[in-house]
Amino acid sequence: MALRIVIGLVLTAAAAVIALRRLWWLYRLGRSGQPAPERIEAVRTHAGRDAEVQATEVFGQRKLLKWTVPGIAHALTFWGFIVLFLTIIEAYGDLFSKHFAIPLIGTWAWVGFLEDLFAVAVLAGIITFAIIRLRNNPEREGRASRFSGSHTGAAWIVLAGIFLVVATLIIYRGAQINTGDFPYPHGAFASQIIGHWLHPLGRSANSGIETAFILAQIAVILGFGIFVTYSKHLHIVIAPLNVLFSRRPDGLGALQPMRSGGKVLDFEEADPDTDIFGLGKIEDLTWKGLLDLGTCTECGRCQSQCPAWATGKPLSPKMLILDLRDHAFAKAPYLLAGSDEAREALPDSVKAEAERPLVGSGDVNGVIDPDVLWSCTNCGACVEECPVDIEHIDHITGMRRHQVLIESAFPAEASSMLKNLENKGNPWGMGEDKRLEWISELDFEVPVVDGKIGDEVEYLFWVGCAGALEDRAKKTTKAIAQLLHTAGVSFAVLGPAETCTGDPARRMGNEFVFSMLAQQNVETLNEAGARKIVASCPHCFNTIANEYPQLGGNYEVIHHTQLLARLVEEGQLKPVNPVEEKITYHDPCFLGRHNRVFTPPREIMEQVPGVQAQEMHRCKERGFCCGAGGARMWMEERIGKRINTERIDEALGTDPDTISTGCPYCMVMLGDAIAAKKSSGEAKETLEVIDVAQLLVRSVATDQQAETGQSASDPA
Ligand code: SF4
Ligand code: SF4
């Protein structure tokens, strides 16, 4: 007994020292990051919401359960370990007393039953994980495996470790039944089965097995505990914290303003020599950014949904996080060194790591390759999928900001777009008077705001640059105007007073141009007294609704599909003319994933008689990008398969007559891919991509306009 106590306590003390030293090192590394007072403030002021998030995401495993089989396996393991915490207490109690039982509940049969039930559940969970890993073996599946690029060896060690935790537990409990030391009279069914098998060995052998396996159980738990602090399984400890301090409702929608030292940068006063301009070094990350890096479980869910990765580009959101993490850990001795002398005394390998540029190609030993950085479309699939709420887009944007604002290093073809935004207020560099041309193509008046928006005007229609200036998108604009007019909704437009919202500049990383355009627009909108805005472009919609509040622009913003769906539901628009077509709807990322508008476009399609709606495999939250977001619309796509071609290939799988969407960027990208497919004979000549508004106007126009005495011309 004394030997049992000594060995158990010595093992525990040694493991505690190793694990605590590592945790202290991790804590110091986290503290070396930049302040993020807004994260602490958000937690402080939203305690109820945060408690709910912990309950649903951490304890309820909400995001994990979106993937049914691995989700259930993880939930079984997670809950198993919570319940099995009782058995750890029992194992330590057994070190000191052979007849130990947890006070009060330690002899209740149902407690013994639950412990065994969850031990078996954990076993079932890890067997499932093992099968999943074997079926997705990256050596065989290559890029198609979500574990490609993950540290698979460590994952197998953890699975083996968990197996040993359960195995040693059940064996010592089985032996305890035979020695009479087991506290539960019945209920512990798995332990009873093992006890039955061990019974023929006799009491003294069972006593030896009991001692050996109690110590083995403690040793395995301690070994597992140490391994956790040195591996991706650190997430067991820090994932709840990362979830707690993550953006709510998620890291989608708005981009965050640039901050330096925890304060929002004011470009009039900011100094690149003293202020932090985006992420230029790993130590420019905030502590929350560093927490993100440490929390990654390497599950590869993000990678499996990333359009850049799926089309053969070098960007994997998982590997981006892992590369940043590996660099942070390797540079940590440099960051944590207390003085120049201490830094000078570091090994050359650490000093070389500290010299690496955060973004740079292989020839300069960069941590993140520029091709990785600029491949991102900001589609949000990674953030949506990540079970531990890592905010990939924020990290990518941070690095882009530094590259654009400090290094002036970005894809050259995007520079004319930025110049056009600065000089002309739209990406094409067209004159502001062109913004009114679409109105002259309608046969009714569209009021243009001059000064204040009149009380009789319900909605300000934010047309957007594409909607006003790009031929295909102009058809959508005219369809929306026609439908609002038909429904009797009063609206007005800003016309030449409207400029780009700044979305492409911000997503590129040019926060300076964004803030210039955004401030101008907020001023215009506030002076006009805008209250309710309907936007047709999801990028404008996202920027005005989610980002303009950062600059004092607070409006009620809806997307045109939301407004049109409501008008149909309320009977102000009556789709009566059949459109006998098979139509598949493409979810724009900035409408769907970023802003959760999935249903209204589908409701409109449902209401159009004759339409046969056919979903693509990747739809709604799992929709696949068109390739244009994140300012990718203005960059060449030179690596891998084109994202828009991949999307159209999927759409063609549904054999559609028409592809519908709700975004001018998507219209252009999908339209281009369809044109290429037509010229290679892979798509029928009649196939077209249209906005849901164009579909609706085809069904509504003739009939309802006749009723209201208007022209039946189809603006689409
Ligand atoms: S936002 Fe989209 S493209 Fe960018 S890393 Fe995430 S999944 Fe990939
Ligand atoms: S970033 Fe999130 S989704 Fe991607 S591998 Fe890490 S934990 Fe999984």
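Which residue forms a salt bridge with Glu 298, and how far apart are the closest N and O atoms? I looked this up: the partner is Arg 325, at 2.5 Å. A salt bridge here is a side-chain nitrogen of Lys or Arg within 4 Å of a carboxyl oxygen of Asp or Glu.

Before going on, I noted the ground rules. This is a predicted model, where local features need pLDDT of at least 70, side-chain atom pairs count only at pLDDT 80 or more, and totals for chains, interfaces and linings use all residues. Residues are numbered from 1 along each chain as its sequence is written, chains are lettered from A and ligands numbered from 1 in the order written, and side-chain values use heavy atoms, leaving out hydrogens and water.

Back to the pair: I found both Glu 298 and Arg 325 buried (under 20% relative accessible area; exposed is over 50%, partly exposed in between, with a 1.4 Å probe and protein chains only).

Next I checked Lys 351 and Glu 344, whose side chains meet in a salt bridge at 3.4 Å, N to O. Lys 351 is partly exposed at 24% relative accessible area, while Glu 344 is exposed at 55%.

Then I turned to Arg 506 and Glu 547, which meet at 3.3 Å, N to O. Both Arg 506 and Glu 547 are buried.

I also searched the whole structure and got 56 salt bridges. One network links Arg 618, Lys 641, Glu 646, Arg 647, Asp 649, Glu 650, Lys 677 and Glu 682.

Last stop, ligand 2: of the 13 residues around it (a heavy atom within 4 Å), Cys 296, Cys 299, Cys 302, Cys 386 and His 392 come nearest.
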